[in-house]
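Let's take a friendly look at how charged side chains pair up in this protein. The sequence and structure come next, followed by a short tour.

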Protein chains: 2
Amino acid sequence: MRIVIIGGDAAGMSAATRIVAGAPGAELVVLERTRFTSYSACGIPFLVGGEVPKGADGLVARSPQEHRRRGVDVRTLHEATAIDVAERRVEAFDHGNGAAVSFDYDQLLVATGGEPVRPDLPGIDLPFVKGVQTLQDGIDLLEFADRGCRRVVIVGGGYIGLEMAEAFVNRGCTATVLERGAAPLSLIDADLGARVGEALAGRGVELHTTTDVTGFDEGVVHTAQGDHPADLVILGIGVGPRSTLAAEAGIELGVKRAIRVDRRQASTTDGVWAAGDCAESIHMLTDEPVHIALGTVANKQGRVAGTNIAGGDALTPKVLGTAITKVCDFEIALTGLTERAALDAGFDALATTIDSTTHAGYLGTAQPMTVRITSERATGRVLGGQIVGGTGAAMRIDTVVTAITAGMTVTQVSELDLAYAPPFSSVWDPVAIAARTAARST
Amino acid sequence: MRIVIIGGDAAGMSAATRIVAGAPGAELVVLERTRFTSYSACGIPFLVGGEVPKGADGLVARSPQEHRRRGVDVRTLHEATAIDVAERRVEAFDHGNGAAVSFDYDQLLVATGGEPVRPDLPGIDLPFVKGVQTLQDGIDLLEFADRGCRRVVIVGGGYIGLEMAEAFVNRGCTATVLERGAAPLSLIDADLGARVGEALAGRGVELHTTTDVTGFDEGVVHTAQGDHPADLVILGIGVGPRSTLAAEAGIELGVKRAIRVDRRQASTTDGVWAAGDCAESIHMLTDEPVHIALGTVANKQGRVAGTNIAGGDALTPKVLGTAITKVCDFEIALTGLTERAALDAGFDALATTIDSTTHAGYLGTAQPMTVRITSERATGRVLGGQIVGGTGAAMRIDTVVTAITAGMTVTQVSELDLAYAPPFSSVWDPVAIAARTAARST
């Protein structure tokens, strides 16, 4: 059996590892357009910020050489240019040898990843406007920072945008974030997002909300509210699926142009699978397809795709879209549905918000934190959670993740035997307090 | 209705608050032997260590005056001396007025708390041998530390003992911990406890394991392995129920001399309830009575007792004995059953251990952590968890708590959509990795 994987990062290489284990006789080729495999794209802001002692190599979990030693035929600098699903053939360009090559397959996994959303604005293709996706992008940005930082403008207050803003400030640049909405981090409720804005300001990041970028000229970002000089522009609006190659091959796309897949990661085209940031997921609460571009999901999908391609039978878990980030020591996490999203999905939902502290309030180290729980009014079932606050606040989201997955009610969460000691929590954990408060409303 | 509560800390005052809310017409008296109510006994080591900016008052969540303003008749410095369950009367000594007083009740709540285990050794009653239980104990120790610290010996490597050792070292004392077992923190497996010992040593705490204390003379602790000079001795062996008053009244005791109660917190004596460190709990996994002296449990039991005394109908959740602590920046948490405890309880259990890092290993801030999951061999059901490691490791125990409570299997835990970003976790959370590893063994 000949298997081709397009894309050598999280999903692609997770799949490759499963295939080597599950179908050792298969002929497996991975086409990767960059020089790198299995790297942490999520680590790029920290690389740029100078927090990765080993530099770019530190972000590589497993190099092409290591994969080859384990029996995976990785072709780096190979960019897939076309898929012929009828002939079961992938065309590629080998940038190393400057030659076109082609690969026949019996089974194809498309793991092309995501790409930064590039709004259709004048000047968007100028070279000083950068996306952050591949490790090579990160290396380029690191070199920029090493040359002595200057004025960086980030378009969009998504979490990558905010992490990059902090990274450049850490390197001595000025950083300005231009956000179209009323608050950064549009995935969380605006009132909680506004607190992120305060944290940014305290660290010297300039944030402009309700600001519409209208275009770019060399050295300047134009907005409806005035111009911002910039030596570098980072796109931080969000990540879409890198699905054009698949679409051009006639492979069906779904929500937000992500490749339509079932929970075995099979596309609707025979012999073609997809996994990672280029593919759909199924939401656990709505049962609807969603596009969630996160490393956690990509790894899970890749494993499942690899298991199935190797002849196994695995299903990808449904997702909650759990996300967490930290901006200037202010932590943010969310999972499941906000009240708005739950109402839109047809749930009779309500949100309950409580303010507490990251741990025992009498310790000098305690910081404020806020927990918001979304629950179903009639049943009390937990539907979502958002947590913002100081150090130690956000990882509590995993309690909410586990509770939602188990179908727990807010009353059940309020009674959990959660951990407590003064440096870790209050005697009633903030998540339990929020759940108990919610239980009174249901 | 006349209600008397003996004990004005976590359980007693949680109950009082529910009674005032649920039975506003009741005549309610709380007898508290110290000057303080509703304080964090768990905060005492941090008070002594100088980490509570407001001092002893900072540990008081609600003072007697505040409780009185809310309608609770708190009598401080009132020490209950006898209970007559036939006459429904409590005898007490008012240390403020130096007079005996008595209180008739229709319903009595015994919330006398816990007390440090005092081994029956020569010299145990010498004044330089101290337990740590009441806030007054904490104030006394703080004054000792303020006078210029010297040589402190802690008998027993329980979590209070270790927290006190760190506190005294922070204040410039020398601290020596004498532990009978092979490792401190006997609640966790010895190999994990041994790592706690390493963390202690790195901070200058002297730890002697397999050391049997044989007695005390002024200025010295005798052990079978030699003498240790000491200006102060702290008992850190553990906490037992303060149940002698109840026992003398003929109220039934259960496991480890804790007051026998049902899940409504009713004792087996008509009209008498018990809650907090003096009372039993029911273990969620074994369904057997256990004695768990923790603030979390005390608060839950107090609420339930108060609700029921006020005419409501509440049940205390079963417990997992979740505990967490931090010694010299090394974190330790456990919940549910260790493999040994699970086997002893009749489960066909196995433990699975994985080593990982507190967050993305390529960040300079990542530290080692270890997760051990206990699971049932045939079903894969999660039965317990232990986590040790650097900053951020231990609060993940709440994922395990929630999973056990929901009856999840290790496979289900391995598929959870847990939070990930490089400063918080690995892309596969260590708990999920442990669960996945365990799933392969079941």
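Lys326(A) counts as partly exposed in this predicted model, because its relative accessibility is 21%. Its salt-bridge partner is Asp329(A), and the closest N and O atoms of the two are 3.7 Å apart. Asp329(A) is partly exposed as well, at 42% relative accessibility.

| Salt bridge | Closest N and O atoms |
|---|---|
| Asp329(A) with Lys326(A) | 3.7 Å |
| Arg151(A) with Asp231(A) | 3.3 Å |
| Asp212(A) with Arg180(A) | 3.2 Å |

Arg151(A) forms a salt bridge with Asp231(A). That pair links distant parts of chain A, 80 residues apart: Arg151(A) sits in strand S10 (residues 151-155), while Asp231(A) is in the loop between strand S15 (226-229) and strand S16 (232-235). Arg151(A) is partly exposed with a relative accessible area of 37%, and Asp231(A) is partly exposed at 24%.

Now for the partners Asp212(A) and Arg180(A), joined by a salt bridge. Asp212(A) lies in the loop between strand S12 (206-208) and strand S13 (213-217), and Arg180(A) in the loop between strand S11 (174-178) and helix H6 (190-202), so their pairing ties together parts of chain A that are 32 residues apart in sequence. Asp212(A) is partly exposed at 32% relative accessibility, whereas Arg180(A) counts as exposed at 64%.

Finally, a network of salt bridges links Arg2(A), Arg89(A), Asp104(A) and Asp106(A).

Terms used
Residues numbered from 1 in each chain as written. Chains lettered and ligands numbered in written order. Predicted model: local features only at pLDDT ≥ 70, side-chain atom pairs only at ≥ 80, totals over all residues. Heavy atoms only, no water. Salt bridge = Lys/Arg side-chain N within 4 Å of Asp/Glu carboxyl O. Helix = DSSP H or I, 4+ residues; strand = E, 2+ residues; numbered from the N terminus. Buried < 20%, exposed > 50% of the residue type's maximum accessible area, 1.4 Å probe, protein only.
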